[in-house]
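Here is a protein chain to look over. Have the model open as you read, and take it one piece at a time.

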Amino acid sequence: MRVLKKILDFYLNTSTHVALAVYALSWITLLQFDIAYDENVLYFVMFSSITGYNFVKYFGLAKFHHRSLTSKLKAIQIFSLISFIVLCYYAYLLNTETLIYVGVFGVMTFLYAIPLVPKTIFIDKQKNLRSISGLKIYVIAIVWVGVTVFLPLINNHHAITNVVIITAIQRFVFVIVLMLPFEIRDLSYDSLKLSTIPQKIGVMRTKYFGVLMLIIFFCLEFFKGEMNEKLLFVHILITIVTLLMLVFARENQNKYYSAFWVESLPIWWLILLLLFH
């Protein structure tokens, strides 16, 4: 049992789980627009997510404690390095237009972790994008939309139509809702200066806000045009499960509630789509 727990913790700590969630949402986009499986862009998305998330999470630790890194952090660094090498390989296979687009989100990820922007707009001494009061959740949602909606479509030369814009808005709303259980979990640990949604309006109103977002997420599907019964069933199911995960989120939640189960929702969404597509 201990071995399984260590494997699970390593799986989560290396950001592999969140990377699979991003990979799943990117594949969902391809399925929604009837585009064939694009190995190059999907694997690039997955390995760049591992590299990017680990860079954001562990940059400070590696910077200030590089001489006394624990074996766990060293293992994560090696894993991240391997992921970076793999993402470079798949980046080489992407279209030039796609790579230019990727560069924009690469800069956003860099600024999210590295203190380069003037400190006058920040709430503390870190001076990076995630330190700007109230901005963190929206930065993450924008990046996820760019990577999981627009990137797969651009690499496949798909036009940016009204349906794509609706899908992007829908995905933005979905990611915001996915983030809420994390913000509820971290309520006791986050600095009050971060101005997270639960800090601003409380846990109960945060859940009401999430319910409203899910209603928007659900209703937007009907503005895309015709939908077959199977896809509608999947959409209803993923909305209900996401709603339940939000409703049962609490401040003192299980260690794996958000980090594993909530983060698994895009993966289950993909599985359902593949079963009913």
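## Starting with Val 41

Setting aside its neighbours within four places in sequence, Val 41 is in contact with Leu 94, Leu 151, Pro 152 and Asn 155. Here, contact means heavy atoms within 4.5 Å. You'll find Val 41 in helix 3, residues 39-64. Val 41 has 0% relative accessibility, so it counts as buried (buried means under 20% relative accessible area, exposed over 50%, and partly exposed in between, with a 1.4 Å probe and protein chains only). The C-alpha atom of Val 41 is also separated by 8.0 Å from that of Ala 91, although the two residues are 50 apart along the chain.

## What kind of model is this?

This is a predicted model, where local features need pLDDT of at least 70, side-chain atom pairs count only at pLDDT 80 or more, and totals for chains, interfaces and linings use all residues. Residues are numbered from 1 along each chain as its sequence is written, and side-chain values use heavy atoms, with hydrogens and water left out.

The pLDDT score is the predictor's confidence in each residue, from 0 to 100. The chain has a mean pLDDT of 86, and 84% of its residues reach 70 or more. Where pLDDT is low, the predicted coordinates should not be read in detail.

## The overall fold

How many helices and strands does the chain have? The count is 12 helices and 0 strands (these are DSSP runs numbered from the N terminus, with helices being H or I of at least four residues and strands E of at least two). Of the 277 residues, 48% count as buried. Take the contacts between residues at least 6 apart in sequence: 72% of them join residues at least 24 apart.

## Two residues with positive phi

Most residues other than glycine have a negative phi. Ser 15, which is not a glycine, has a positive phi near 65°. Ser 15 is in the loop between helix 1 (2-13) and helix 2, and it is buried, with a relative accessible area of 2%.

His 157 also isn't a glycine, and its phi is positive too, at about 55°. Look for His 157 in the loop between helix 6 (136-155) and helix 7. Is His 157 buried or exposed? At 61% relative accessibility, His 157 counts as exposed.

## The second largest pocket

On a 1 Å grid over the protein atoms alone, a pocket is an open set of points where a 1.4 Å probe fits, with protein on both sides within 12 Å along at least five of seven lines; lining residues have an atom within 4 Å of a point. The second largest pocket is lined by 18 residues, and Gln 32, Glu 221, Lys 224, Glu 226 and Leu 231 lie nearest its centre. The elements giving two or more residues to this lining are helix 2, helix 7 (162-185), helix 10 (229-247) and helix 12 (265-276). Helix 10 gives the most, with 3 residues.

## Cysteines

A disulfide is a pair of cysteine sulfur atoms within 2.5 Å, and by this rule the count is 0. Cys 88 is partly exposed, at 35% relative accessible area, and Cys 219 is partly exposed at 36%.
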